[in-house]
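Please read them with the structure open.

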Amino acid sequence: MIDDIFVIDATTHTYNLSDANLLGPAGRPGRHAIVFRNDELAKRWPQRFLTYAGVNPVDGPDACVASLTDQLDRLPGTIGLKVYPDAGTPDRSWRMDDPAYAPLFELAIERGLKVVACHKVVPNGLVPLEPYRIDDLERAAISYPQLSFEIVHAGLPPFVDEVTMALTRLPNVYANLEITSAFLERGFGVVEEALAAFIGFAGVHKLVYASGGMHFHPQPIIERLLGWEISDELLNRHRIEPLTAADRAAILGGNFARMAGLDVDELRNGIADDEFAQARRDGGRRPAWTHWRELVPESVTA
């Protein structure tokens with residue numbers, strides 16, 4: 001909650017970053033360190049954390065189905081599925097519209113999942129850009145209207161026009177603003193222009209706030225979205241009205257709740273008296289990076 005707005009962060013990476021998990025046999029971070037699952041949060045605070053299952057499609061459809069089944073059995077409250085278009089190497093990628101992966105989407109529907117989020121737009125290192133296009137996600141969204149699809153990193157170059165048209169044409173496709181929102185907070189005009197285009201063509205109801213934490217601290221991003229005023233030039237160009245309080249509430253939480261079939265009042269009541277709410281009542285909201293600065297006094301954050 002902030003300014004009476006219920007906030008849902010669509011992407012928070014709960015990586016296990018302990019030394020034992022990061023360090024490989026050679027004393028350096030292991031190749032797969034950052035993708036180990038950490039389900040302690042979901043088990044301990046189910047009222048605070050909504051989980052997505054993560055599968056690796058380049059291992060093949062059968063492996064995906066087995067992995068998803070296992071994860072849903074362990075965390076039955078899971079609401080979505082997160083996938084990546086490649087394995088971080090030039091020679092291993094997949095397409096969401098490949099018929100071989102139909103059993104994966106069918107299982108997601110059968111088990112009651114609501115959302116499929118796919119990392120798009122931003123390449124994972126020195127790899128070809130082709131897998132990060134969105135045409136395969138569009139076809140999947142058309143084939144499985146029972147599911148909603150998030151284009152993760154929507155609003156960053158180079159596929160702004162393609163994403164704009166997908167949001168406009170397909171009712172079950174949404175723009176996940178992970179990393180995008182951090183660039184907006186840092187004043188990148190190209191991102192503001194992209195989001196204005198999304199709103200002008202598809203409507204504010206297609207934007208889903210995501211901080212990308214732990215990559216970015218969410219507080220400055222939330223504050224930026226609360227105070228974001230679209231420039232007059234962009235308002236005129238895209239024939240849109242200034243953002244209202246209701247628009248901001250939709251971006252920061254309402255749109256995700258609707259996309260995922262969640263009841264905001266029920267979510268609000270579920271966290272009203274938990275230990276996080278009590279800690280905030282006792283000590284207030286601490287400034288961003290407070291805990292980190294206490295742990296690492298010499299650290300500097302911009």
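1. Arg-239 sits in the loop that links helix H10 (232-238) to H11. Helices (H or I, at least four residues) and strands (E, at least two) are DSSP runs, numbered from the N terminus. Phi of Arg-239 is near 55°, a positive value in a residue that is not glycine. Arg-239 counts as exposed, at 78% relative accessibility; the classes are buried for under 20% relative accessible area, exposed for over 50% and partly exposed in between (1.4 Å probe, protein chains only).

2. The basis of these notes is a predicted model, in which local features need pLDDT of at least 70 and side-chain atom pairs count only at pLDDT 80 or more, while totals for chains, interfaces and linings use all residues. Residues are numbered from 1 along each chain as its sequence is written, and side-chain values use heavy atoms, with hydrogens and water left out.

3. Helix H11 covers residues 245-260, 16 residues in total, and spans 22 Å from its first C-alpha to its last. That is close to the expected 22 Å at 1.5 Å a residue, where the expected span is 1.5 Å times one less than the number of residues. Just after H11, Gly-261 has a positive phi of about 70°.

4. Which residues of H11 are buried? They are Asp-247, Arg-248, Ala-250, Ile-251, Leu-252, Gly-253, Asn-255, Phe-256, Ala-257, Met-259 and Ala-260. Arg-248 has a relative accessible area of 8%. Not counting residues up to four places away in sequence, Arg-248 touches Leu-225, Leu-226, Gly-227, Trp-228, Glu-229 and Leu-243, contact being heavy atoms within 4.5 Å.

5. Asn-255, also in H11, is buried at 1% relative accessibility. Leaving aside neighbours within four places in sequence, Asn-255 is in contact with Val-204, His-205, Lys-206, Leu-207, Val-208 and Ala-250.

6. His-205 belongs to the loop between helix H8 (189-202) and strand S6 (207-208). Is His-205 buried, partly exposed or exposed? At 35% relative accessibility it counts as partly exposed. Neighbours within four places in sequence aside, the contacts of His-205 are Tyr-174, Asn-255 and Arg-258.

7. Pro-157 and Pro-158 are joined by a cis peptide bond, with omega about 10°; Pro-158 is in the loop between strand S4 (148-152) and helix H6 (160-169). Ile-179, in the loop between strand S5 (173-176) and helix H7 (180-185), has a positive phi of about 70° although it is not a glycine. Ile-179 counts as buried, at 18% relative accessibility.

8. On helix packing: the axes of H3 (residues 61-74) and H4 (residues 102-110) come within 9 Å and cross at roughly 20°. Axes are lines fitted to C-alpha atoms, for helices over the stretch in contact, with angles running from 0 to 180 degrees between N-to-C directions. H3 and H4 are therefore roughly parallel, the term for angles under 35 degrees. Cys-64, Val-65, Leu-68 and Thr-69 in H3 meet Pro-103, Leu-104, Leu-107 and Ala-108 in H4.

How values were computed:
Angles under 35 degrees count as roughly parallel, over 145 as roughly antiparallel, 65 to 115 as roughly perpendicular and the rest as oblique.
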